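Please look over the sequence and the structure below before reading on.

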Amino acid sequence: MSLRWKLLAAFTAAFTVVFVFIALWVVHYAGATALTRVKAQLIEATEGTARDLPVKAVEQLTDLPKGSDITGNRYYRRVQNDLKSVQTTLPRLRPYLVARGEGETLDYLVDPSGDFRDPVLNTTPQTTVDYMLRAFDGTVYQGRNDDKFGQWVTAYSPVVNRTGQAVAVVGMDFPLDYVRAIRSDARKQVFPVLISGYLGLMGMVLLVSTLLVRPIERMTTASKRIADGDYELDLTRITRSRYPDELSDLADSFQFMASKVAARERELTQQVRRLQVQIDTTRREESVKEITETEFFTDLQAKAAQMRARMREG
């Protein structure tokens, strides 16, 4: 794998981790922020409704005999109309009024639709019932809770009479679909932006890695030429860069090194030639010496001298 693709793979892995983290954080932050606002508004609406409900009408309803039909009661209609007004103003909310039954049991007393007639335990998990019972002592908030009607976040606040006694509890359910919708919208808006930025950065990384690797590739080619004995290098594209950096300095040093190596090789070649001449001369001298020092050559010299002497005498 070339250096260019190694750089691209490394940056891709790093950017992938960062962008995935950003995407998850943005979606989580959007959902958490929405849930925090919902919680604050829900508690405010629940406490306001509990304060505004007619306490006398609520007390009259809680004093009616168990099992009696209260839907025709004028106090019931008044409380129901007040809850309907709340629901009209805040249509996402599901308000209702809960009263104590016998012992620690609870009964749905009033809701805008009039559908809640059963004991609370028939439609509500025990965990939610515990929150309702705690609400007789003050406002409480329950995070995600499920029942047969859906998934909610809920706030409960007591309806207090003049003596400070809690006579009933107002409950306000808010559907979690709203928070899910916000998270979905965040994903739809954030993901295209992040993906575009991600692809743009990958393109920039590829471009930058190409610009960084290209001088190194040229010097790699130059080193192969030097290995083959070719020292005529042209690295001016690197050494004469408009913006000099470490690579241009390296290329300059590399070219200087090539010229020094070429000069050194020429010098060594000349030395080898001179040494070869000396070796050849020495070998000739030694060969001549070996010939002249033999008995045959000495005898031959003597005979030649005798022949020259006879020629002079004749």
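## Surface and overall make-up

The protein exposes about 20,800 Å², and carbon and sulfur atoms supply 56% of that area. Accessible areas come from the Shrake-Rupley method with a 1.4 Å probe, and for residues only the protein chains shown count as cover. This is a predicted model, in which local features need pLDDT of at least 70 and side-chain atom pairs count only at pLDDT 80 or more, while totals for chains, interfaces and linings use all residues. Residues are numbered from 1 along each chain as its sequence is written, and side-chain values use heavy atoms, with hydrogens and water left out.

The secondary structure comes to 9 helices and 5 strands. Helices (H or I, at least four residues) and strands (E, at least two) are DSSP runs, numbered from the N terminus. Along the sequence they follow the pattern α-α-α-β-β-α-α-β-β-β-α-α-α-α. Of the 314 residues, 31% are buried; buried means under 20% relative accessible area, exposed means over 50%, and partly exposed lies in between (1.4 Å probe, protein chains only). Among contacts (heavy atoms within 4.5 Å) between residues at least 6 apart in sequence, 56% join residues at least 24 apart.

## A nonpolar patch

Val18, Phe21, Ile22, Trp25 and Tyr29 make a nonpolar surface patch of about 540 Å². Patches are made of residues with over 30% relative accessible area and no salt bridge; like charges are joined within 9 Å, and nonpolar side chains (Val, Leu, Ile, Met, Phe, Trp, Tyr) within 5 Å.

## Salt bridges

How many salt bridges does a search of the whole structure find? The search finds 3, a salt bridge being a side-chain nitrogen of Lys or Arg within 4 Å of a carboxyl oxygen of Asp or Glu. One of them joins Asp173 and Arg94, whose closest N and O atoms are 2.2 Å apart. Asp173 lies in strand E5 (residues 166-175) and Arg94 in strand E1 (residues 94-100), so this pair ties together parts that are 79 residues apart in sequence. Both Asp173 and Arg94 are buried.

Another salt bridge links the side chains of Asp146 and Arg144, at 3.6 Å from N to O. Asp146 is partly exposed at 37% relative accessible area, and Arg144 is exposed at 55%. Asp177 and Arg180 also meet in a salt bridge, at 2.9 Å from N to O. Both lie in helix H6 (residues 177-227), 3 residues apart, which is about one turn of the helix. Asp177 counts as exposed, with 53% relative accessibility, whereas Arg180 counts as partly exposed, with 35%.

## Nonpolar cores

A nonpolar core is a set of buried Ala, Val, Leu, Ile, Met, Phe, Trp, Tyr and Cys residues joined through side-chain atoms within 4.5 Å. The largest such core has 29 residues, and those with the most contacts inside it are Val79, Leu97, Val110 and Val159. Two or more residues of this core come from each of H1, helix H2 (55-63), helix H3 (74-89), E1, strand E2 (106-110), strand E4 (150-160) and E5. A second, separate core has 14 residues, including Val98, Leu106, Tyr108 and Val169.

Neighbours within four places in sequence aside, Val110 is in contact with Leu61, Tyr76, Val79, Gln80, Leu83, Tyr96 and Leu97.

## Two buried polar residues

Asn161 is in the loop between E4 and E5 and counts as buried, at 12% relative accessibility. Its side chain makes a polar contact of 3.1 Å with that of Glu59 and another of 2.7 Å with that of Thr163. A polar contact is a pair of N or O atoms within 3.5 Å; within protein, one must be able to donate a hydrogen and the other to accept it, and residues adjacent in sequence count only if both atoms are side-chain atoms. Beyond four places in sequence, Asn161 is in contact with Val55, Glu59 and Val167.

Thr154 is in strand E4 and is buried, with a relative accessible area of 0%. The side chains of Thr154 and Asn145 are joined by a polar contact of 3.2 Å. Not counting residues up to four places away in sequence, Thr154 touches several residues, among them Leu42, Tyr96, Val140, Met172 and Asp173.
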